[in-house]
Structures are given as C-alpha cells and as structure tokens.
Amino acid sequence: MDPLEERRLLYTSNDLAARIEIERYDSLESIRRTRGLQRIAIHIRGKNILDIGCGIGYDTRAFGLQGYSVVGVDPSKRVLQYAKDFDPHTHYVNAWSTNLPFRGPFDGVLLHSVLHMMPPDHATRTIHEISRVIKPNGICSIRLEHDTTD
C-alpha cells in the first residue's frame, strides 16, 4: 500500500482525528484564527468560498456567519459528520482535494492547515484543482502550520 493510501485509510477510519480536531478548537487558538479569517475576508471579492480540508468546519462556519456562501470539503466522513452536527445549514461534501466535484467558479478558496500534510504529488494535484475551480483573480488563502513543540 502506498503512503498516501495508508494516510487515507488512517484518516477515514479513525475517530481519533475528529476528537483531536475538536479539542484543538476548544481553546484560545480560535480567537487567533478568527482574526486571521477577518484579514482574509476583506480581500475576497464575491461571496462564494470553498474550504478544502475543512475538518470540523471552524473556518467554514466563520465565513458563513459573515454572510458568505461556503462549501466545506473533507475526505473524512466522520469529521464531516461533526461539522454537520454543529452546523446543519452549511453545505459539506465528502471529497478529496485532488478530485473536487465542482465546476466552480469560487471567489475564494481556503486551504488551511492541509497542504503541508500532503505528499508532494497530492499537493500538486490539489493546486491544479484549485486553479480549475477558482475565478480569475480569485483569492486562494493557504495557511501552513508549524509546530514549535519539537
């Protein structure tokens, strides 16, 4: 089994990923993230946003509360179920970033805390998919996490 397939299997079959992500956002970190999202929002012209790797939907909900039409995408059905339970009015789609089930066009695309966790070929295909579904002159926000505890 290739490494990407192993990650997919682990992520989609393990409820631990969902629990860790929920605990992560139940902290003061959410305040910092909200401020960052506000800085991104002022640059997006239009109201259609795609949140790739949305996880439990924190960023998805935050933009939805600001009046944007947001679609959250994640490969984990279990994590998406948490997102839907917290926010049943937002559209969440179970899909891989390498094969997005949309034609677009989206005014903005969020790729937060996801890209650095992908194998290089997966990241490359994801960037190609973003370029396919984003409007010309659309905004793509990519955030990479850096763990300073190591």
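Tutor: Start with one term: buried means under 20% relative accessible area, exposed means over 50%, and partly exposed lies in between (1.4 Å probe, protein chains only). This is a predicted model, so local features need pLDDT of at least 70 and side-chain atom pairs count only at pLDDT 80 or more, while totals for chains, interfaces and linings use all residues. Residues are numbered from 1 along each chain as its sequence is written, and side-chain values use heavy atoms, with hydrogens and water left out.

Student: How many helices and strands are there in the protein chain?

Tutor: Both are DSSP runs, numbered from the N terminus: helices are H or I with at least four residues, strands are E with at least two. The protein chain has 6 helices and 5 strands. Along the sequence they run α-α-α-β-α-β-α-β-β-α-β. Of the 150 residues, 45% are buried.

Student: What share of the contacts comes from residues 24 or more positions apart?

Tutor: Contact means heavy atoms within 4.5 Å. Take the contacts with a separation of 6 or more: residues 24 or more positions apart account for 66% of them.

Student: Which residues are buried in helix 4?

Tutor: Y58, D59, T60, R61, A62 and F63. That is 6 of the 8 residues, so helix 4 is mostly covered. Just after helix 4, G67 takes a positive phi of about 95°.

Student: How do I read aromatic pairs, and how many are counted?

Tutor: A pair of aromatic rings is described by the distance of the centres and the angle of the planes. Rings of Phe, Tyr and Trp (its six-membered ring) pair if their centres lie within 6.5 Å; planes under 30 degrees apart are stacked, over 60 edge-to-face, the rest tilted. The count is 2 aromatic pairs. F63 and Y68 are edge-to-face, at 5.3 Å centre to centre with 75° between the planes. Both of these residues, F63 and Y68, are buried. F102 and F106 are also edge-to-face, at 5.6 Å and 85°. F102 and F106 are both buried.

Student: Which residue lies over the face of Y68?

Tutor: A charge sits over a ring if NZ of Lys or CZ of Arg is within 6 Å of the ring centre and within 35 degrees of the ring normal. Here K47 lies over the face of Y68, 4.3 Å from the ring centre.

Student: Now the backbone. Is the peptide bond from G104 to P105 cis or trans?

Tutor: Cis, with omega near -10°. P105 is found in the loop between strand 3 (91-94) and strand 4 (106-112).

Student: What is the phi of S113, and what is the phi of N137?

Tutor: S113 has a positive phi of about 60°, although it is not a glycine. S113 lies in the loop between strand 4 and helix 6 (120-133). S113 counts as buried because its relative accessibility is 11%. N137 is also not a glycine, and its phi is positive, near 65°. N137 lies in strand 5 (residues 134-143). N137 counts as exposed because its relative accessibility is 80%.

Student: Which residues is L100 in contact with?

Tutor: L100 is in the loop between strand 3 and strand 4. At 4% relative accessibility, L100 is buried. Setting aside neighbours within four places in sequence, L100 contacts L50, I52, V73, E129, R132 and V133. L100 and T126 are 26 residues apart in sequence, and 8.6 Å apart from C-alpha to C-alpha.
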